[in-house]
Structure formats: structure tokens, C-alpha cells
Amino acid sequence: MKAGVMRWGLLVVAMLVSSGAHADLARRRDAVVEVVQKVSPAVVYIGTEQEVESRFRRRSPLEEFFGGMGNEPGRQKIEGLGSGVIIDPTGIIVTNDHVIRGASAIHVVLADGRSYEAEVIGSDAGNDVAVLKVAAKEALPIARLGTSSDLMIGETVVAIGSPFGLSKTVTAGVVSATGRTFRADNRVYNDFVQTDAAINPGNSGGPLLNVDGEIIGINTAIFGGGAQGIGFAIPADKVRRIVDELTRFGKMRPSWVGIDTADLTPRIARQLGWDRSYGALVTSVEAGSPAAQAGVRRGDIVAELGGSRIQDAEDFDTRVRGYPARSAFPLALFREGGLRTLQVTPSEFPVRMVESLAWDRLGLKVKDARVGLAVSGIRAGSVAAEAGLDPGDIILRVNNQPVGTAEAFKEALLTARRGRSVLLLVRRGRYGYHVTLPFEQDTGQSL
């Protein structure tokens, strides 16, 4: 009898302990834990392989013994790592362009250990977004793309990725700022979500999530100089536009709004009545362009694009690149002492303007050659003439992109046109050299 009572008592104690443990787990199960359990199966590790030319190849001991002293040129394999997130059960993955750029092989590993070879559906270096596809036989776990337009400063966010190759690493923090612009690695980064959630090398391409488990950004950069608690993500609204374009066409098609802008000087700002330190001055509007149809005028000051401030002309040009053709955006303009907002819908760059772009802005005409493109004409007084280019020179690359046909040259030039200059690799005789040509800004042709 006593033994039975003792067993019953022990059972009651065990039940109470178990109940207490479950209650304790329930109490500790907060929003961050729920997000991680919900989304982490959709976050993937991405490993890449890239073959590059190596000036010297290290010889094996046998080669050194039989082949003499010294090293010789060869190819070297470089491995990279990053993160990504599955957004479609058929195997569509979003990551950063810089994670997979130049890779000869891409390996994707899911949180449960399944591994796949991935193909690149499309990639855009300018916006640092890439779309991959894996051939899975069954539906894969996904995370849902949310919206970034309603982000609140201070709201909780969660980052999941593979920093330094440590897969399934979770960090949490808050939204520190939105619409952030900064410079790093000789490049301007625009319209980013800033967070203090720890983001380290290898986190690139992983998701930044809100407490509902929705993707509100794709982690892409950490701030250099030893800074801590400063990370950046591409906002989800921008990612959605780019992913749609890359999935449908494999690239970001060049779009056109028909506006030329310049940086505001304090003197011009005072003359126009603008008392802020940001904005870009509209210097020309192409007749019949999307901007003209929306009501943009020369002399307007672009204050905001898509709800975020425009810092200067370069900021405006970079931000416009995030909108493909037929993807409308609100443009806030200062005119005659007041702000007004217009809807501008970019169109595809007009074919009639493509050929004139090289002639009007650089002073170049080209034609197909056996290798690369031959310079067929130089406009007197142009930047090409001042740089010393001559008819018969061969253009091999535009901004480090190979151009084997006139069509490839046009596409490369359209991509480069929003910059201040273009880098050409030119061959003359047996010798090749690089030349930087600044785009002429006084011809009145808008971008």
C-alpha cells in the first residue's frame, strides 16, 4: 500500500514538473522565437566556386624536384559563401549579386541538410540582387516577401544567415533608419534599411524579417571602419520589383524617365526658395518623355522619390535604376515655393535614342569587327576625340563587360549611362589600354 502511494506521489510530482516546464517554455516563446521557427527552414547557405587567373601557381614537391625552380602561371579556384532565402516553393531563391558574381558553380544547402546545384535566373549588379533556381522534386519551405514602405524606426527585426559559414545563425535588433544612403568601397549605396541586428560576412543575401516572419529586406552590407551595430538591407519593396524583372526577363531592362538632374548649389537653392540641404535640380526634361507627361518641369527640385529623400543628382540617378519600365513611383517636387507629388511611370529606353547616346554623350560611332567593335567615327571636340581615340581602334569592354557585338555595346552603354563616366578597354594594334570617358552633360539629352 505504501509503495503504491509512493509511486502515485512520484507520478504527481513528475506531472507537476512537466507542466511547469511546459508553462516555462510557453512563457519564453516570444515573437523572435516564433519567427525563427517559422522562417529558418527557408533560409539557405550558398557556397560558390570561381576560377580566376593566378599570376603564379604553386608547384608540387615532385614538380619542383623534376621541373626545376620557380612558379608558373595557372588558374586558381576561389570559394565563397553567403546566404539566401527561398520565396517560391518551386525553388526560387533570392540572394545578393555579389554573393554569386563570377561563380562557375553554386551550391545551395537547406536548413535540413538537403543540397542542390543552383542556376542563375537573373542578376543585377547595380541593385545587388540575384535570383537563383534549384530543381527540387518536392515543394520547398518559403518565406513571404512583405512590404518595407510602412517600416517603423525602432520595430523589432530578425536576421538569419550564415556569417563566416556558421549556418542557421540568428541575430535580432531594431530598424535603425530607412532610406539610408552611404558610401563604401568606392560605391554609393542608396535607399537601404539600417539595422543594429548583427550582420557579418556570410550574412549577405539572407533575410531581414519583421515579427510576423515577413521579409522586409535582404541583408547586403556591413559598415566598414570597425563600426558595430550598423548593418544594411535592400528594402523588400525594391527587391520585389527587381525579382519580378529578373524572373521575367533575366535582367533589369534599361528604363527611361527623361530627366537630367544636377547637384544643388547653395546659391541656386536660395534663388529657388529651397531652404533644405538635400535635393537635385531638374536641368532638362525630354519632350514626350514619361517625366514630361507626368508634369515634371525644368527648374523643379526633386525632394523625394518613393517616399524617401533625394540627397543629390547621383542619388536620384541610382534610385531611378531600382524601377524597371512600367513600374510607377511617386516623385515629390519643390516648385514655386511649395511641394507637389507626381506619379512617374518609366518606359523602356527608346530605340531611336540608343544609337545617338554614344554619339551625343561620348562622340563615338562603332561597327562590328572580327573581335570586339571597331570605332567608325569620332565627333570633333567630343570627349572621345580629347581622349585620343581614333577610327579603327577596337573596343573590347565597356565598364568591364565584354562587348562582342553592337547590340552588346548598346546594352552596356544603356546600363552605364546614369553614371558620370564610362570605362572602355581599347585595343590599338597589339596593345590594349583603358580609357575613361566622362559623359557630356551639356547636350540636352535626358536619361
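**Figure 1. The surroundings of Glu-440 in this predicted model.** Looking past its neighbours within four places in sequence, we find Glu-440 in contact with Asp-360, Arg-361, Arg-379, Ser-382 and Val-383. Glu-440 itself sits in the segment that follows strand E26 (431-438). Is Glu-440 buried or exposed? Its relative accessibility is 13%, and because buried means under 20%, Glu-440 counts as buried. Take a moment to find Arg-420 as well: 20 residues separate Glu-440 and Arg-420 in sequence, and their C-alpha atoms are 8.6 Å apart in space.

**Figure 2. A hairpin made by strands E21 and E22.** Here you can follow strand E21 (residues 364-368) and strand E22 (residues 373-378), which pair in the antiparallel sense over five bridges. Four residues lie between the two strands, and Gly-372 in the turn has a positive phi of about 75°. As you trace the strands, remember that in a regular strand the side chains alternate between the two faces of the sheet.

**Figure 3. Ile-215 in the largest nonpolar core.** This core has 45 residues, and Ile-215 is among those with the most contacts inside it, along with Ile-46, Ile-87, Val-94 and Val-108. Which residues does Ile-215 touch, leaving aside neighbours within four places in sequence? Its contacts include Val-85, Ile-87, Ala-143, Leu-145, Pro-207, Leu-209 and Ala-236. Arg-144, Gly-146 and Thr-147 are also among the residues in contact with Ile-215. A second, separate core has 26 residues, including Leu-364, Val-383, Ala-416 and Leu-437.

**Figure 4. Arg-319, a buried arginine in helix H8.** Helix H8 covers residues 313-320, and Arg-319 is part of it. With a relative accessible area of 5%, Arg-319 is buried. Follow its side chain and you will meet the backbone oxygen of Ser-308 at 3.2 Å. Beyond neighbours within four places in sequence, Arg-319 is in contact with Asn-190, Asp-191, Leu-305, Ser-308, Arg-309 and Ile-310.

**Figure 5. Helix H11 from its start to its buried residues.** At the start of H11, a side-chain oxygen of Thr-405 comes to within 3.1 Å of the backbone nitrogen of Ala-408. Which residues of helix H11 (residues 406-416) are buried? They are Phe-409, Ala-412, Leu-413, Leu-414 and Ala-416.

Technical notes. Residues are numbered from 1 along each chain as its sequence is written. This is a predicted model: local features need pLDDT of at least 70, side-chain atom pairs count only at pLDDT 80 or more; totals for chains, interfaces and linings use all residues. Side-chain values use heavy atoms; hydrogens and water are left out. Two strands pair if DSSP finds at least two bridges between them. A nonpolar core is a set of buried Ala, Val, Leu, Ile, Met, Phe, Trp, Tyr and Cys residues joined through side-chain atoms within 4.5 Å. Buried means under 20% relative accessible area, exposed over 50%, partly exposed in between (1.4 Å probe, protein chains only). Contact means heavy atoms within 4.5 Å. A polar contact is a pair of N or O atoms within 3.5 Å; within protein, one must be able to donate a hydrogen and the other to accept it, and residues adjacent in sequence count only if both atoms are side-chain atoms.
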